[in-house]
Amino acid sequence: MKQNERVFSGVQPTGNLHLGNYLGAIKRFVALQEEHECLYCVVDLHAITVWQDPESLAHNIREVAAAFIASGIDPAKQIIFNQSQVSGHAELAWIFNCVARMGWLNRMTQFKEKAGKHKENASVGLFSYPNLMAADILLYRATHVPVGADQKQHLELARDIAQKFNNDFASSIEKCGHEEGFFPLPKPLIAGPATRVMSLRNGAEKMSKSAPSDMTRINLTDDRDLIAKKIKKAKTDPEPLPSEEAGLADRPEAANLVGIYAALAEMPVSDVLAQHGGAGFGAFKPELIELAVQKLSPISEEMQKLMGEAGEIDAILIDGANRAREIADPVMARVKEIVGFIGK
Ligand code: TYM
């Protein structure tokens, strides 16, 4: 790891944690921990931008933490915590509310998708959500952010906010004796064969926590029978698999299943096709089921075990939050000084 490099990412505790969250994000968090200082956050403040039942929220916060740990993130080495325990997130988000421009937020496609036709009825928090996300990252002056493809636009906004803050306060940053470019411009890490896992029932839609049908996604809590059932019923087309990647171009469902296989097997899509090209789905699906069960069952079993020890998860989150605050507090103190607030 280079000096000053730091990884931050977050997952919302809104229930139905799925294969897309795992392959697009959590699995990659695990890989990064070997060579980086990482903070992995259960972003509960983000979750409440849409109404959450309080009891389910507490359960879902623990479940995301359990998924992190069961997937292999070491809470002794890296920081696992829930966002609401570190007040700096909300404080810095307010300052960023005053840095970001309405026009920037008006362009956010995720808000448009989530608010749908009922924009007037959406919470103000849902609109300003990307500012909080920028605060999450920059509160730790994190430089690298592993996410799925759907977060790319939010990451670009975080970079714009960092840049504008650095420009708007350039002379104060200098006067306070801090280095030019106080906030780093965080880099999105969006890579691998599963940056956008699609619904099992419709290759044009993203696999999502909020899709009404559970058959569209594989949840990290699904047992082997359910995993098998969902893959068996996954939508496909009648053609056999191609031997080359170009052959997947107009076949979104086939491309999705091959991408999932590649990510689970940790091999390039081209190798999957070299092995399975020519096979029909009748032959490929059982192989995918085998692989998915082999990779996911240990995680869901460990999650279940951890969820039986809520006290231990809570202790890990409290310890993580204490360590997160040690990094965040001095940054927040400097931000306040730069902005011109008085106090210690
Ligand atoms: P969230 O909770 O929706 O998703 C968590 C992570 O999973 C990725 N993801 C996917 N990847 C591939 N295929 C899919 N179908 C799929 N669905 C979700 C997401 O890209 C994400 O990486 N705004 C974020 C949470 C957040 C955050 C942050 C992330 C808040 N603050 C700071 C990074 C840094 C979100 O809603 O993720």
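1. Neighbours within four places in sequence aside, S208 is in contact with H18 and R217, contact meaning heavy atoms within 4.5 Å. This is a predicted model, in which local features need pLDDT of at least 70 and side-chain atom pairs count only at pLDDT 80 or more, whereas totals for chains, interfaces and linings use all residues. Residues are numbered from 1 along each chain as its sequence is written, and side-chain values use heavy atoms, with hydrogens and water left out.

2. S208 sits in the loop between β5 (187-189) and α10 (224-233), and it counts as buried because its relative accessibility is 19% (buried means under 20% relative accessible area, with a 1.4 Å probe and protein chains only). Its side chain reaches the backbone nitrogen of A211 at 3.2 Å, and a polar atom of that side chain also lies 3.2 Å from the backbone nitrogen of S210.

3. Around the ligand there are 28 residues, of which Y129, D136, D150, V197 and K209 come nearest, a residue being near if one of its heavy atoms lies within 4 Å. An N or O atom in the side chain of Y129 is 2.6 Å from a nitrogen atom of the ligand, while an N or O atom in the side chain of K209 is 2.7 Å from a ligand oxygen atom.

4. Helix α11 (residues 252-265) packs against helix α13 (residues 281-307) at an angle of about 40°, their axes 10 Å apart (axes are lines fitted to C-alpha atoms over the stretch in contact, and angles run from 0 to 180 degrees between N-to-C directions). By class, this contact of α11 with α13 has 13 nonpolar, no polar and three charged residues.

How values were computed. Helices (H or I, at least four residues) and strands (E, at least two) are DSSP runs, numbered from the N terminus. Ala, Val, Leu, Ile, Met, Phe, Trp, Tyr, Cys and Pro count as nonpolar, Asp, Glu, Lys and Arg as charged, and the others, Gly among them, as polar. Buried means under 20% relative accessible area, exposed over 50%, partly exposed in between (1.4 Å probe, protein chains only). A polar contact is a pair of N or O atoms within 3.5 Å; within protein, one must be able to donate a hydrogen and the other to accept it, and residues adjacent in sequence count only if both atoms are side-chain atoms.
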